[in-house]
Amino acid sequence: MDFNIAVVKGDGIGPEIVDEAIKVLNCVGEKFGHTFNYKEVLAGGCSIDVNGVPLTQETIDICKNADSVLLGAVGGPKWDNVDSTLRPEKALLGLRSELGLFANIRPAMMYEALADACPIKKEIIGDGFDLVVCRELTGDVYFGKHYRKESENGYGIMGCDDMNYSTYEVERIARRAFEMARVRSKKVTSVDKANVLETSRVWRETVTKVAKDYPDVELDYMYVDNAAMQLVRNPGQFDVIVTGNLFGDILSDEASMITGSIGMLPSASLNEGGRGMYEPIHGSAPDIAGKNIANPIATILSAAMMLKYSFNLTDEANVIEKAVNDVLNDGCRTADIALKGEDVLSTSQMGDKICEKIKLG
Ligand code: NAD
């Protein structure tokens with residue numbers, strides 16, 4: 001089969017890590033008889049340099065017309081002082097909104113070979129964890145009305161941000177979470193603050209209704225403060241966490257940090273049609289850019305998510321995930337995940353090792 005992928009390499013380490021993901025995709029394509037066509041576009045700081053803006057209509061059109069988007073990272077100190085409306089990160093927000101991406105999927109798992117990187121004690125982690133945070137991206141307090149008004153009690157100016165969720169938005173993300181849980185460990189934890197917030201009460205009622213269509217999936221509820229605690233206390237209890245934009249923003253970062261290896265974690269942002277934008281969770285790491293030392297695994301695993309979620313190529317995605325696991329078990333390490341004294345691979349060497357495993361597997 002043929003697939004068209006828009007490629008946004010972006011800034012900093014973006015080009016280096018995306019090149020390795022493309023290398024791996026081509027290797028999988030060769031093995032399974034698929035062709036991946038790539039159309040490279042500019043977004044972020046590199047687009048500011050060339051076009052004066054972080055995101056052009058041309059980039060938007062190419063991304064919209066592609067089967068999916070593979071993205072490295074954008075931003076860096078070079079553009080820290082540009083006008084706030086022109087910041088490189090605006091490109092991400094623009095693409096998310098233009099592509100209608102409403103579901104952010106972030107897996108966080110502990111690789112046995114990297115257990116030492118996990119900041120949580122071994123006796124707490126036990127057999128490790130393998131969870132996914134499914135965060136709603138288009139609603140909540142981020143998209144409510146933002147305004148200021150004079151407080152009524154003489155306390156001065158009050159900043160106000162309206163928090164809201166419609167049943168439509170909650171149902172859409174809840175279905176995505178239940179579908180995902182069905183092919184995992186069949187458990188959804190819905191995180192809200194229903195003891196205080198009306199938004200959360202609508203959220204909880206709607207998730208409960210949706211759950212009736214998924215009787216094979218267990219549903220439980222957790223208040224967000226408890227969820228934040230449980231993630232470091234017993235992360236192994238979670239399978240799929242579904243939550244709103246604000247709580248998801250915080251919990252997905254927390255979930256990724258407990259793995260201890262930011263260079264390992266992929267993400268997907270999906271629209272209703274199943275297309276998506278796939279990118280590592282980390283940024284452009286300007287401190288190590290251009291040195292061929294960045295860890296490309298998060299981007300390679302993002303490409304695997306693209307195969308699974310947008311192209312329905314689950315076997316092919318599994319082959320990539322297994323190859324990553326195998327190279328880690330063989331002791332292959334980039335600098336960020338190496339212990340003192342361990343041999344270190346470059347970005348491109350890590351990509352090569354993963355390709356070797358794919359060819360052998
Ligand atoms: P960062 O994630 O880029 O880097 C944090 C630390 O992790 C750095 O020490 C970096 O060297 C290291 N690191 C990150 N990815 C790595 C990898 N693949 N391999 C090895 N080490 C890795 O976060 P930051 O320093 O806060 O941000 C740098 C720039 O990236 C900023 O301009 C920020 O706005 C931007 N950013 C972009 C995105 C995105 O494009 N989605 C996300 C976050 C930050």
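This is a predicted model: local features need pLDDT of at least 70, side-chain atom pairs count only at pLDDT 80 or more; totals for chains, interfaces and linings use all residues.
Local features were considered at pLDDT of at least 70 and side-chain atom pairs only at pLDDT 80 or more, whereas totals for chains, interfaces and linings use all residues. Residues are numbered from 1 along each chain as its sequence is written, and side-chain values use heavy atoms, with hydrogens and water left out.

The domain assignment of the protein chain, taken from an automatic or database source, gives domain 1 (1-102 + 273-361) and domain 2 (119-258). The centres of the two domains, taken over C-alpha atoms, are separated by 26 Å. Six residues from domain 1 and nine residues from domain 2 take part in the contact, where contact means heavy atoms within 4.5 Å. The size of an interface is often given as the accessible area lost when the parts come together. Between domain 1 and domain 2 the buried area, which is the accessible area (1.4 Å probe) that two parts lose on being put together, summed over both, is about 630 Å², and carbon and sulfur atoms give 68% of this area. On the side of domain 1, Phe102, Ile281 and Tyr309 supply 78% of the area buried against domain 2, more than any other three residues. The count of salt bridges between the two domains is zero, a salt bridge being a side-chain nitrogen of Lys or Arg within 4 Å of a carboxyl oxygen of Asp or Glu.

Pockets and cavities were located on a 1 Å grid over the protein atoms alone; a pocket is an open set of points with protein on both sides within 12 Å along at least five of seven lines, a cavity is a set of points where a 1.4 Å probe fits but cannot get out, and lining residues have an atom within 4 Å of a point. Grid points are joined across faces, edges and corners, and a volume is the space filled by probe spheres set on the points. The largest pocket holds about 720 Å³ of space, and of the 27 residues that line this pocket, Pro107, Asp130, Arg184, Lys308 and Glu321 are the closest to its centre. Because domain 1 and domain 2 both give residues to the lining of the largest pocket, this pocket lies between them. Helices (H or I, at least four residues) and strands (E, at least two) are DSSP runs numbered from the N terminus, and in these terms β4 (103-109), β5 (130-136), α6 (167-182), α10 (297-309) and α11 (314-329) each supply at least two residues of the lining of the largest pocket. The most is given by α11, with five residues. With Ala, Val, Leu, Ile, Met, Phe, Trp, Tyr, Cys and Pro counted as nonpolar, Asp, Glu, Lys and Arg as charged, and the others, Gly among them, as polar, the lining of the largest pocket divides into 13 nonpolar, five polar and nine charged residues.

The second largest pocket has a volume of about 390 Å³ and is lined by 22 residues, of which Leu92, Arg96, Arg106, Glu279 and Ile281 lie nearest its centre. Two or more residues of this lining come from each of β3, α4 (90-98), β4, α9 (245-257) and β12 (276-280), and α9 gives the most, with four residues. Eight nonpolar, seven polar and seven charged residues make up the lining of the second largest pocket, and since both domain 1 and domain 2 contribute to this lining, the second largest pocket lies between them.

Three cavities of 30 Å³ or more were counted. The largest cavity contains about 70 Å³ of space, and its lining residues include Asp140, Met163, Asp192, Trp203 and Phe247. The elements that give two or more residues to this lining are β8 (187-192) and α7 (198-211), with the largest share, three residues, coming from α7. The second largest cavity has a volume of about 50 Å³, and among its lining residues are Cys63, Lys64, Asp67, Leu99 and Arg275. By class, the lining of the second largest cavity comprises five nonpolar, three polar and three charged residues.

The count of salt bridges comes to 26. In one of them, Lys78 pairs with Asp49, the closest N and O atoms being 2.7 Å apart. Lys78 lies in the loop between β3 and α4 and Asp49 in helix α2 (residues 45-51), so the pair ties together parts that are 29 residues apart in sequence.
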